[in-house]
Amino acid sequence: MIFRKLLTAGAAGGLFAVLACGLVPAQAAADEPATPQPTPKVELVLDVSGSMRARDIDGESRMSAAKQAFDDVLDSVPQGVDLGIRTLGADYPGPDRKTGCKDTRLLYPVGPLDRTDAKTAVATLVPTGWTPIGPALLKAADDLKGGNGTRRMVLITDGEDTCAPLNPCDVARDIAARGIHLVIDTLGLIPDASTRNQLSCIAEATGGTYTSVEHRQQLTTKVKQLVHRSTAPVVTPVATEGSPSCADAPLLKQGIYTDRETFATSRWYRVEVQPGQELRASASVSDDRVVNANYGVLLRGVTQRGREIVRDDEAGTGRTDAVSAGIRYPKPHADSGTPAETVCLEVGNSFSAPASVKVVPGLPVELSIDLVHGPDQPSDVAFFGLGRGWWLLGLLALTGVVAGLITGWIARWSLNTGRTR
Amino acid sequence: MRIPRLLSAAAAAGAAALLALAGPAAADDPSATPSASASAGGSDTPPNEAGTNFLNATVLRQGQTGTASASAGDYLYWTFPADTGQHVTVNATVTFPAATPRHGASTWQVDVYDGLRRRQACRYGSQTRTAAADATSVALTCHLRAIRSWAEPWSNDPLRGAYYVRLTDLSLPPADLGLPVAASVQVTSDGTAGSQAVDGSVAPVVSANGPAVAPSGGWAGTWWSPRWLWTGGGGLLAALFAVGAHRLARGPVTRGGAGYRSDVPDSPREPAGWTS
């Protein structure tokens, strides 16, 4: 009878436990922003310098390969992409460097695409002049001004810039530092070593890609791919400026932020965390120029009084695009009316560069801030305090045996001594 | 008489408990986060593009093979969901087209970052490999630690949420920079049968600023683990052993034995507390 009761009680207790556990709410997933994407803008920058006459792409001249590729690309530009075309070295054939280095023209303005007009404009191009990449990049960045969509520039050239001392790589870095999120992809047609270095440097400075092209089909597919990439939905980061100490640091909310940070320095930001919320911060520092082989990034969460709450650091060596670190800080639940806690975030880097490398503007920093519902604090590391494995079963069985023997002996003893009713 | 009855009652109670445990587990999964499953970024067609940074990483489902045509020197990013209790394996292959000969050996590496962009360790697998100049492809593997539902904020343990795969070359001859390559990535996982189940739960580590990532069936509920079966089964086992041991120790029920009143019909007349 007792056992039957015990069993019934146990089963009921188990069912109750199951019901109680089933009521533990599952955590909600991160909300997806449902804002419509603003119009992306793409500008193709084509080199029409004299060297484009060389006939070495599948037996054709570089110029005709580029024209055919443009025809294909213009046919396949996705709906809703504003496309423009700029040329460099298309008009001035003379020997005057000063004039030749200003020779860049907006062939087709950035806007909704009229394929026929654009194709006609491209067809008129004849390889002519110099290769003023730097000035063309500056002008193209102005062409892409305005709007909140993604901005992408595709630079197609067969030679390096002929307009020193303006280094196009520095130009690209300055453009990137304006905070307009312009990505420059570069394509080199049969590039030599110095062209390759320059183009990959431009791409690296803006987070773009570099491709060397040796066949016409390759050129077409790559440009199509890059134009299509502009339609990918991306959250546009907000430019901010961290301060050297927490006290006057900018107050950030949930979102994604960009900043610039010079070599081997720290910047501070502040975030307000409500009780019951979890702060999640990730920082990525990109190396957009040549840096020394060993580097690191530090992300710390610090109270306003200077006590460190949590930190993460990441070090590395060798080729990389960015180094990242991330922290979580769950603020425990508290009575209503408890004010939000201000957490100071420190983003530091230990990048260094050879003496020849310019250190201004600083390295690009991307800071992602999320504030989510805080986690359930476990009272026990094990899952609901439950056990698992044959040792557990053995122990429980042994306990059962011992308990059964004891109660059995007690029963026998009490019956034998007649101490029971 | 009574032993079979007791045993059958115990078995029935155990079966009921197991059913009650398993039932809600199956029903809970799809209903856990309906919003997440609706916005589960990836579609059924595997992606044929790769992102270029954390923000525009291409969403890849587990089991899908994501492909991308890229240039040597590119940084290729994918992102995939990993849920509690999974042992995740990331396989990446880089194929070099025969049409463009290369000038020397190149070293490739696959890195896995968690939703907080913390680099995750590979337990084993060839994460970095060097391909000879005449190799046609190079295969990279990374086996992650088991995904947990909760970890201390100060630890680097992998939490359920989005994970990023970064594929790139660490070194290559300068003349090979920008040459075309084809990349493919596949993410698979197997379960840990509750061996790593910890208490507590952290909201899936998916940044609202990045791509929306969730398993196709939504995030699993945080209360189910095979540990319920182990512990419940253990309790049942203990009860059965206790009954057996009790009967063994008390001795057999004999008619006319000392103090035994087994000649009396039991049910109606037995007072409460009598241990049969």
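View 1. Val154(A) belongs to strand E4, residues 151–157 of chain A; strands (E, at least two residues) and helices (H or I, at least four) are DSSP runs numbered from the N terminus. The model is a predicted one, in which local features need pLDDT of at least 70 and side-chain atom pairs count only at pLDDT 80 or more, while totals for chains, interfaces and linings use all residues. Residues are numbered from 1 along each chain as its sequence is written, and chains are lettered from A and ligands numbered from 1 in the order in which they are written. Val154(A) is buried because it has 26 C-beta neighbours inside 10 Å. A residue is buried if 20 or more other C-beta atoms lie within 10 Å of its own, exposed if 12 or fewer, and partly exposed in between, with C-beta atoms placed from the backbone. Not counting residues up to four places away in sequence, Val154(A) touches Val42(A), Leu44(A), Val45(A), Asp185(A), Leu187(A), Val223(A) and Leu226(A); two residues are in contact if their C-beta atoms, placed from the backbone, lie within 7 Å. Thr195(A) is 41 residues from Val154(A) along the chain, and their C-alpha atoms are separated by 15 Å.

**View 2. Residues 41–226 of chain A, with the UniProt feature "domain: VWFA".** The feature comes from an unreviewed UniProt entry. UniProt positions are given in the numbering used here, feature names are shortened, and annotations may be inferred rather than shown by experiment. The span is 39% helix and 22% strand, and its end C-alpha atoms lie 12 Å apart.

**View 3. Packing of helices H5 and H6 of chain A.** Helix H5 covers residues 133–143 and helix H6 residues 168–177 of chain A; their axes come within 8 Å and cross at roughly 15 degrees. Axes are lines fitted to C-alpha atoms, for helices over the stretch in contact, and angles run from 0 to 180 degrees between N-to-C directions. H5(A) is therefore roughly parallel to H6(A); angles under 35 degrees count as roughly parallel, over 145 as roughly antiparallel, 65 to 115 as roughly perpendicular and the rest as oblique. The crossing of H5(A) with H6(A) is right-handed, a crossing being right-handed if the near helix is turned clockwise from the far one by less than a right angle, and left-handed if anticlockwise. On the H5(A) side are Ile133(A), Gly134(A), Leu137(A), Leu138(A) and Ala141(A), which meet Pro168(A), Val171(A), Ala172(A) and Ile175(A) of H6(A). The contact of H5(A) with H6(A) has eight nonpolar residues, one polar and no charged; Ala, Val, Leu, Ile, Met, Phe, Trp, Tyr, Cys and Pro count as nonpolar, Asp, Glu, Lys and Arg as charged, and the others, Gly among them, as polar.

**View 4. Helix H9 of chain A against helix H3 of chain B.** H9 (residues 390–416) of chain A and H3 (residues 227–250) of chain B pack with axes 6 Å apart, at an angle of about 30 degrees. H9(A) is therefore roughly parallel to H3(B), and the crossing is right-handed. The residues of this contact comprise 19 nonpolar, ten polar and three charged. An unreviewed UniProt entry lists residues 389–411 of chain A as "transmembrane region". Over residues 389–411 chain A is 96% helix and 0% strand, with the end C-alpha atoms 33 Å apart.

View 5. Gly301(A) lies in E12, residues 294–302, and is buried, with 22 other C-beta atoms within 10 Å. Apart from neighbours within four places in sequence, Gly301(A) contacts Ile309(A), Val310(A), Ile327(A), Tyr329(A), Val343(A) and Leu345(A). The C-alpha atoms of Gly301(A) and Val381(A), 80 residues apart along the chain, are separated by 25 Å.

View 6. Most residues other than glycine have a negative phi, and most peptide bonds are trans. Val360(A) and Pro361(A) are joined by a cis peptide bond, with omega about -5 degrees; Pro361(A) sits in the loop between strands E15 (341–349) and E16 (363–373) of chain A. Phe384(A), in the loop between E16 and H9 of chain A, has a positive phi near 50 degrees. Phe384(A) counts as partly exposed, with 19 C-beta neighbours inside 10 Å. In chain B, Arg117(B) has a positive phi of about 65 degrees and is found in the loop between strands E5 (106–114) and E6 (119–120). Arg117(B) is buried, with 26 other C-beta atoms within 10 Å.
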